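I opened this notebook to record what I looked up in the structure.

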Amino acid sequence: MFIEVDGEEIPVLFDTGASIVLSADGQKALQTSAKTVAGSFIARSIFERWHQAHPQWSYYPKMDQRADVIAVPQVVIGVDTVGPVLFAERDDERWSQGMIQSMDKVVKGASGGAASQYPKVTADYIRELIKFERDQ
């Protein structure tokens, strides 16, 4: 599937179970005792570009165990805009070399529960369709 951030369309894996494992600093920053929170992941090259272009976006060093996290205020999924969405950085190679072994397309991240918590999601894996909708 694709998400759009800051005008850029990004291919991502739809991963409803994507979770950020919080470090002690992460728990403190989010003011929670939870060990994990719903999250999304993005290639380090994109993460760094977002962080440089938008220093006002909340940035959490080493929040996901040893990885940095950024809160993207608006993410477009289909025709809907959701946010904020937490994205933890992952090595670019994870997507271009590691994940491609089990997929038919190269992706740059994973859109998880942090983004899909807002709309109702229906996935039709056989037809390769995903539908996002909000209750009216």
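Entry 1. I looked up which residues of helix α2, spanning residues 44-53 in this predicted model, are buried, and found Ile46, Phe47 and Trp50. I noted that these residues lie on the same side of α2, because they cover an arc of only 105° around the axis. An α-helix has 3.6 residues a turn, so residues three or four places apart point the same way.

Entry 2. I then asked what the buried residues of α2 pack against. Their partners are β1 (2-5), β2 (8-11), β6 (40-43), β7 (59-64), β8 (67-72) and β11 (85-90). I recorded that α2 lies across β6, β7, β8 and β11, and that it runs at about 95° to β6.

Entry 3. I traced the open sheet of six strands and wrote down its order as β3-β12-β6-β11-β8-β7, with mixed pairing. β3 (13-14) and β7 are at the edges with a single partner strand each, so one side of each has no neighbour in the sheet. β7 pairs with β8 in the antiparallel sense over three bridges, and Asp64 stands opposite Ala67 in β8.

Entry 4. I looked for aromatic pairs and found three. Phe47 and Tyr59 form a tilted pair, 6.3 Å centre to centre with 55° between the planes. This pair links distant parts of the chain, helix α2 and strand β7, twelve residues apart. Phe47 counts as buried because its relative accessibility is 2%, whereas Tyr59, at 30%, is partly exposed.

Entry 5. Trp50 and Trp57 form an edge-to-face pair, 6.3 Å centre to centre with 65° between the planes. I noted finally that Trp50, Trp57 and Phe87 form one aromatic cluster.

Key
Residues are numbered from 1 along each chain as its sequence is written. This is a predicted model: local features need pLDDT of at least 70, side-chain atom pairs count only at pLDDT 80 or more; totals for chains, interfaces and linings use all residues. Side-chain values use heavy atoms; hydrogens and water are left out. Buried means under 20% relative accessible area, exposed over 50%, partly exposed in between (1.4 Å probe, protein chains only). Helices (H or I, at least four residues) and strands (E, at least two) are DSSP runs, numbered from the N terminus. The arc is that of the directions from the helix axis to the C-beta atoms. Contact means heavy atoms within 4.5 Å. Two strands pair if DSSP finds at least two bridges between them. Axes are lines fitted to C-alpha atoms, for helices over the stretch in contact, and angles run from 0 to 180 degrees between N-to-C directions. Rings of Phe, Tyr and Trp (its six-membered ring) pair if their centres lie within 6.5 Å; planes under 30 degrees apart count as stacked, over 60 as edge-to-face and the rest as tilted.
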